[in-house]
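Subject: Structure handover

Hello,

Here is the structure you are taking over. Please open it next to this message and look up each residue as you read.

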Amino acid sequence: MSSSSKKLKETLNLPKTAFPMKANLPAREPALIEQWEKDGLYRAIREARNGKPTFVLHDGPPYANGNIHTGTALNKVLKDIVVKYKTMSGFDAAYKPGWDCHGLPIELQVDKLVKDRKEPLPRHAFRRKCREYAQKHIKIQRQSFRRLGILGE
């Protein structure tokens, strides 16, 4: 077989390794998160830094009005990098996430859900729907942040 008839892959001098060529994150990610929770990783970090100088990052919380988007993810990841850096630098840097669960963004989303009703909802029923909507999206966002590797209380 001449070199011109060889497949390109056969001409490359690649190292041999037992590591898989793909990370296979969709399959591995849930197992990693489960292991972190089983090991109490965040709790262990908190205990190791107990009594050290405190570092506090005041986080402007996201609205609980939908799934996270690229901007929300970038914002959280950058803040998480700062908190982890300060922790590794010897500070007691707890992270306590929060959500903005009131105001117009949530009301607008709930309005979209109930706009086809023949009669408007009473105020107390609308507020209840807003609370349910916000709680649902807090749960969804919390899971998304965990998948990004963000640890917190």
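Below are the notes on this structure, from the overall layout down to single residues.

The model is predicted, so local features need pLDDT of at least 70 and side-chain atom pairs count only at pLDDT 80 or more, whereas totals for chains, interfaces and linings use all residues. Residues are numbered from 1 along each chain as its sequence is written, and side-chain values use heavy atoms, with hydrogens and water left out.

Overall layout

The protein has 6 helices and 0 strands, in the order α-α-α-α-α-α along the sequence. Helices (H or I, at least four residues) and strands (E, at least two) are DSSP runs, numbered from the N terminus. The C-alpha trace spans about 80 × 50 × 25 Å along its principal axes. The radius of gyration of the protein is 23 Å, while a compact globule of 153 residues would have one near 15 Å. That radius is taken over C-alpha atoms, and the globule rule is 2.2 Å times the number of residues to the power 0.38.

Of the 153 residues, 24% are buried. Buried means under 20% relative accessible area, exposed means over 50%, and partly exposed is in between (1.4 Å probe, protein chains only). A contact means heavy atoms within 4.5 Å. Among the contacts with a separation of 6 or more, 82% join residues 24 or more positions apart.

Helix α6

Q141 is in helix α6, which covers residues 123-147. Is Q141 buried or exposed? Q141 counts as buried because its relative accessibility is 2%. Apart from neighbours within four places in sequence, Q141 touches P62, Y63, A64, N65, G66, I68 and W99.

Y133 is also placed in helix α6. With 12% relative accessibility, Y133 counts as buried. With neighbours within four places again left aside, the contacts of Y133 are A64, N65, G66, I106, Q109, V110 and L113.

Cysteines

How many disulfides are there? The count is 0, where a disulfide is a pair of cysteine sulfur atoms within 2.5 Å. C101 is in no disulfide, and the nearest cysteine sulfur, that of C130, is 11 Å away. C130 is likewise in no disulfide, its nearest cysteine sulfur being that of C101 at 11 Å. C101 counts as partly exposed because its relative accessibility is 36%, whereas C130, at 11%, counts as buried.

Loops

N24 is in the loop between α1 (8-11) and α2. Most residues other than glycine have a negative phi. N24 has a positive phi of about 55° although it is not a glycine. N24 is partly exposed, with a relative accessible area of 46%.

G51 sits in the loop between α3 (41-48) and α4 (70-88). At 69% relative accessibility, G51 counts as exposed. The C-alpha atoms of G51 and P97 are separated by 21 Å, and these residues are 46 apart along the chain.

P97 lies in the loop between α4 and α5 (104-114). P97 counts as partly exposed, at 26% relative accessibility. Leaving aside neighbours within four places in sequence, P97 is in contact with G152 and E153. From P97 to I150, 53 residues apart along the chain, the C-alpha separation is 9.9 Å.

Pockets

On a 1 Å grid over the protein atoms alone, a pocket is an open set of points where a 1.4 Å probe fits, with protein on both sides within 12 Å along at least five of seven lines, and lining residues have an atom within 4 Å of a point. Grid points are joined across faces, edges and corners, and a volume is the space filled by probe spheres set on the points.

The largest pocket holds about 380 Å³. It is lined by 18 residues, with R146, I150, L151, G152 and E153 closest to its centre. Helices α2 (25-39), α3 and α6 each give two or more residues to this lining. By class, the lining of the largest pocket has 10 nonpolar, 3 polar and 5 charged residues. Ala, Val, Leu, Ile, Met, Phe, Trp, Tyr, Cys and Pro count as nonpolar, Asp, Glu, Lys and Arg as charged, and the others, Gly among them, as polar.

The second largest pocket has a volume of about 170 Å³. Its lining has 14 residues, and V56, L57, A94, Y95 and K96 lie nearest its centre.

Regards
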